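Please load the model in your viewer and keep the selection panel at hand. The stops below are meant to be followed in order.

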Amino acid sequence: MMAILAFGGSWLGAVWYWRANNRMPATDDLVLCLLVLPLALLAVFWLGRKIYRGISAPAASASGGAAAQAEVPAEPARGPALSLVAAAVRAPHGMSAAELGAALAGAQARPALDSELNDDQGYPIMSARIADIDPDPLREEVSEWLAAHDLEPHFSDEQWRALSAGSEVVSELSSPLSGHPQLAAHAERLARREPSPLPVLQLQPVWQAEWKPEQRQAAALWLRHMLTQAGWPEERIAVAPERGAADTEVSTALARLLSDEPPALTLVVACGSHIGADSVERLGSAAALFNASHPQGQIPGEGAAGLLLADAAQAAMLAPGAQLPQLLAVNSGRLAHSADESKRASAELLLELSTKALHSAGREASAIALITADTDHRTSRVMELMGVMSETTPQLDPGADVFSVGAGCGSCGAVTYLTALALARQEAESRNAAILCISNLDPFRRDVAVIGPAAPVVV
C-alpha cells in the first residue's frame with residue numbers, strides 16, 4: 001500500500017505540475033519525479049518506522065501489551081522435549097500428512113461447491129468434504145457396542161462422520177503401540193499381581209464445542225476400546241479429563257505435556273465435522289457462513305488428526321534407533337478483542353508468542369524452514385499470519401513456505417490446528433529442519449508451537 005501511495009502520488013503530482021505549467025518534461029525530470037522521488041519517500045517511511053519501533057518497543061514491553069494479554073509468562077517454562085512418535089490425518093485433501101502436504105504445496109487443496117448442502121436461500125455452499133467417509137459401517141458397530149455397555153447417546157450425522165474419521169486415526173496410531181516391548185512383561189507381572197513396567201497411556205480426545213457431555217463420554221470410551229482391541233491393556237489407559245473449552249484443549253494438553261508433569265506416553269486426537277445441515281444453519285444464523293454476500297464467512301470443513309507423543313525412554317522403546325521430530329515449545333495467548341470484529345488485523349500478540357516460543361525452544365527464527373497454520377481464507381487471519389512472517393521469518397516465501405490448512409480444508413476448530421501440527425511433524429521429518437506451527441483460526445485464542453527436526457532417540 002505504501003508503494004502504491006508513493007508511486008501513485010508522485011506520478012499524479014508530476015503530471016499535474018507539468019500540465020499546469022504547460023511544460024514538456026526532460027529525461028532528468030522523468031527519472032527524478034517518476035523514480036527517485038517515490039523511492040525516496042519509501043526510504044523515509046521505512047526509516048521512520050524503524051525509529052518509531054525502536055522507541056516504542058521498550059515502552060510496549062514495559063506496559064505488558066495494552067492491545068492483547070498473553071496467558072503465559074515472559075519466559076515460559078519448558079521441560080525436556082517430547083518425541084513425536086507418529087501422526088495421523090484424515091483431511092478433505094489427504095488421508096495422511098504427507099498426502100495433504102503435497103496437495104497444499106501443489107495448490108491442489110481447495111474447497112468446492114457442496115453437492116448436498118445449501119444455504120438459507122437455496123444456493124449450494126462452499127465446503128471441504130472428505131469424499132471417502134462412509135459412517136454407516138461404523139455406526140452399526142459402535143451402536144451395538146454402546147448398547148452392550150448401557151450407553152445410548154444420540155449422535156447426529158455430522159458426529160458419525162467425525163467419529164468415523166477419528167476412529168481411523170486412532171487405529172493408525174495404535175500400530176506403534178502394539179509393538180511395545182513391555183507388553184509381554186506386563187501380562188506376566190499382571191498374572192503374578194506385581195507392578196507393571198508398562199506406562200499408562202494417556203488418551204486425550206478433543207471434541208467440538210457443540211458435543212454434549214454424554215456424547216463425549218461415549219465416544220471417548222469407544223476410542224479407548226479401539227486401543228484395547230489393538231493390544232494395549234485397558235487397565236493401562238487413562239482418558240484425560242477435559243480442563244477447558246473443547247476447541248482450545250489441543251494447546252492446553254500440549255502445554256501440560258511440556259510442563260512439570262509430562263506423562264510418559266500420550267495420544268492426542270481431535271475429530272469433528274461441520275458438513276451437515278445443522279452446522280450450516282448454525283453458521284448462517286450467526287452470519288458466519290461464507291457466501292457471495294459474506295466473503296469473510298467460514299467455509300465448513302471436517303476431518304480428524306492425532307499425535308502420539310512420548311518421553312525419551314518410551315520413544316526409544318517404540319522406535320529404537322529412529323530419529324523422531326521433537327515438540328520443543330508451546331505458547332498460547334488470548335486477544336483482548338475478537339478478531340472477527342476488529343477493523344484492523346493486528347499481529348502483535350501472535351508475533352510476541354512466536355518470539356517467546358522460539359526463545360523457549362532454543363531456535364533462531366532464521367532456522368525455520370516452513371510455517372504450518374490453521375489459517376483460513378479470511379483477510380484478517382491471512383494478514384495476521386503475513387505480519388508474523390514479515391517480522392519473524394522474512395527468509396520464507398509466503399507463496400511456497402506457508403501451508404495454511406484452513407484455507408484448503410475449511411474451518412473445523414481444534415481439528416484444523418491439530419492437522420497443522422501433524423503436518424509440521426511430517427515436514428520437520430522430511431526436511432530435517434525446524435517448523436513453526438501457528439493457530440489463529442479462533443476469534444480470540446492464539447497458539448504457537450515449535451517442532452524441532454528429527455533427532456536420535458536417546459535415554
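Begin by selecting α1 (2–20) and α2 (27–63), each of which supplies at least two residues of a nonpolar surface patch; helices here are DSSP runs of H or I with at least four residues, numbered from the N terminus. This is a predicted model, in which local features need pLDDT of at least 70 and side-chain atom pairs count only at pLDDT 80 or more, while totals for chains, interfaces and linings use all residues. Residues are numbered from 1 along each chain as its sequence is written, and side-chain values use heavy atoms, with hydrogens and water left out.

Next, show the side chains of M2, L5, F45, W46, L47 and I51, which make up the patch of about 600 Å². Patch members have over 30% relative accessible area and no salt bridge, with nonpolar side chains (Val, Leu, Ile, Met, Phe, Trp, Tyr) joined within 5 Å, and the areas come from the Shrake-Rupley method with a 1.4 Å probe, only the protein chains shown counting as cover for residues. Helix α2 gives the most to this patch, with four residues, and I51 is found in that helix.

Move on to helix α4 (residues 136–148) and helix α5 (residues 157–177), whose axes, fitted to C-alpha atoms over the stretch in contact, come within 10 Å and cross at roughly 90°. That angle makes α4 roughly perpendicular to α5, a label used for 65 to 115 degrees between N-to-C directions. To see the contact (heavy atoms within 4.5 Å), select L138, R139, V142 and S143 of α4 together with D157, W160, L163, S164 and S167 of α5.

Stay on R139, which forms a salt bridge with D136, the closest N and O atoms being 3.7 Å apart; the term requires a side-chain nitrogen of Lys or Arg within 4 Å of a carboxyl oxygen of Asp or Glu. Both residues lie in helix α4, three residues apart, about one turn of the helix. Across the whole structure, a search finds 18 salt bridges.

Finally, select helix α14 (residues 414–431) with helix α3 (residues 97–105), which pack at an angle of about 90° with their axes 9 Å apart. On the α3 side the contact is made by A97, A98, L100, G101 and L104, and on the α14 side by T419, A422, L423, Q426 and E427.

Terms used. Axes are lines fitted to C-alpha atoms, for helices over the stretch in contact, and angles run from 0 to 180 degrees between N-to-C directions. Angles under 35 degrees count as roughly parallel, over 145 as roughly antiparallel, 65 to 115 as roughly perpendicular and the rest as oblique. Patches are made of residues with over 30% relative accessible area and no salt bridge: like charges are joined within 9 Å, nonpolar side chains (Val, Leu, Ile, Met, Phe, Trp, Tyr) within 5 Å.
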